[in-house]
Amino acid sequence: MTNAPRFPEEMGFSQDSSLERDAARLDECVARLAEARKMVSSVIFGQNEAVEQTLIGILSGGHVLMVGAPGLGKSLLAHTLGKVLGLLDKRVQFTPDLMPADILGSEVLEEGADGKRAFRFIKGPVFCQLLLADEINRASPRTQSALLQAMQEREVSVAGYSHKLPEPFHVLATQNPLEQEGTYPLPEAQLDRFLLEVRLGYPSAEEERKIVTETTGRYPTRPRQVLQADDLVEAQDFVRRLPMPDRVLDTIIALCRECRPESTSLNDIRDNVAWGPGTRAAQALSLACRARAMLFGRFAPSYEDIEELAVPVLRHRFGLTYGARAEGFTAKALITDALAHLQEKS
């Protein structure tokens, strides 16, 4: 990153003097993020893309939904990130009988030494810095929705009182494929709160051999802490201060509008999408592109970042019609078509 030119005028943005003054600290932050990514990858094999995207989600200050079949390392990835990033992490196993109070906490009536009774709030596991909501789609919609305020407002309300959550606060939720028995689709309002939807696939034969060899031995690799919570907060601040080139921002806005049936010029989207990504999606893609640029040691996001992140940022913000699902249309294919269409126009 130090060899890259700073504040090039041709990129379409002007110099940010405060960021220039913090250039040395920014370079140090980028180096430590690279070390953290390497540490996570030394524990999680065969899921490099998932590791990268999950780190981008946290670096953007958002929440991440991890989707994949059981046994692919979703929970291990969340626990490893908590250890490497120095975050206080907690885990909640979502089941059909889980209640909102099991996540948020509840008030209990206690009797003091003077004989007077008073309510005391006992904090639930949501009061942490990294919450692993394991198999979130196995709980009822009522319990799933209990996380909405926490994810958006960074606080919870119980018995009329608001309680602030620690900073930073991130939710890493794992989800089994919906076609498996005993799962409940997440409501659209909650899906939109997740900055990224990360898909974990099966590893290659070589990667699977390495996973089995490394994890069944006597001394499996254990993650080492690389960052502190304060370091992560500083990195998240740098992400928001990185300049955004005008042409990259224009592409993000154009892509989101192209994915909406009301404003698209593509017949496949107009005919097969019930609703498309909202403005929050454009905000999420902008932050994610900045975070990816910083993770790879670049000073500003580029079109390459949009290509890599458009699908994980937008695909869970699509509402396909019943006919589209029956005919085999997918959000990923429609987003890819929209990107290709924009590239042809430019």
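This is a predicted model: local features need pLDDT of at least 70, side-chain atom pairs count only at pLDDT 80 or more; totals for chains, interfaces and linings use all residues.
## Helix α3

Helix α3 covers residues 48-59 and has 12 residues. From its first C-alpha to its last, α3 reaches 16 Å. That is close to the 16 Å expected at 1.5 Å a residue.

After α3 comes G61. The phi of G61 is positive, near 85°.

## How α3 sits in the structure

Is α3 largely enclosed or largely open? Of its 12 residues, 10 are buried, so α3 is largely enclosed by the rest of the structure. Buried here means under 20% relative accessible area.

The buried residues are A50, V51, E52, Q53, T54, L55, I56, G57, I58 and L59. E52 and Q53 are among them.

## The cavity

Rolling a probe the size of a water molecule over the atoms shows where empty space is left. A search of the whole structure finds one cavity of 30 Å³ or more. The largest cavity holds about 50 Å³ of space.

## What lines the cavity

Which residues line the largest cavity? They are R25, C29, R32, L33, L227, D231, E234 and A235. Two elements give two or more residues to this lining: α2 (23-41) and α10 (229-241). Helix α2 gives the most, with four residues.

By class, the lining has four nonpolar and four charged residues. It has no polar residues.

Technical notes:
Residues are numbered from 1 along each chain as its sequence is written. Side-chain values use heavy atoms; hydrogens and water are left out. The expected span of a helix is 1.5 Å times one less than its number of residues. Buried means under 20% relative accessible area, exposed over 50%, partly exposed in between (1.4 Å probe, protein chains only). On a 1 Å grid over the protein atoms alone, a cavity is a set of points where a 1.4 Å probe fits but cannot get out, and a pocket is an open set with protein on both sides within 12 Å along at least five of seven lines; lining residues have an atom within 4 Å of a point. Grid points are joined across faces, edges and corners, and a volume is the space filled by probe spheres set on the points. Ala, Val, Leu, Ile, Met, Phe, Trp, Tyr, Cys and Pro count as nonpolar, Asp, Glu, Lys and Arg as charged, and the others, Gly among them, as polar.
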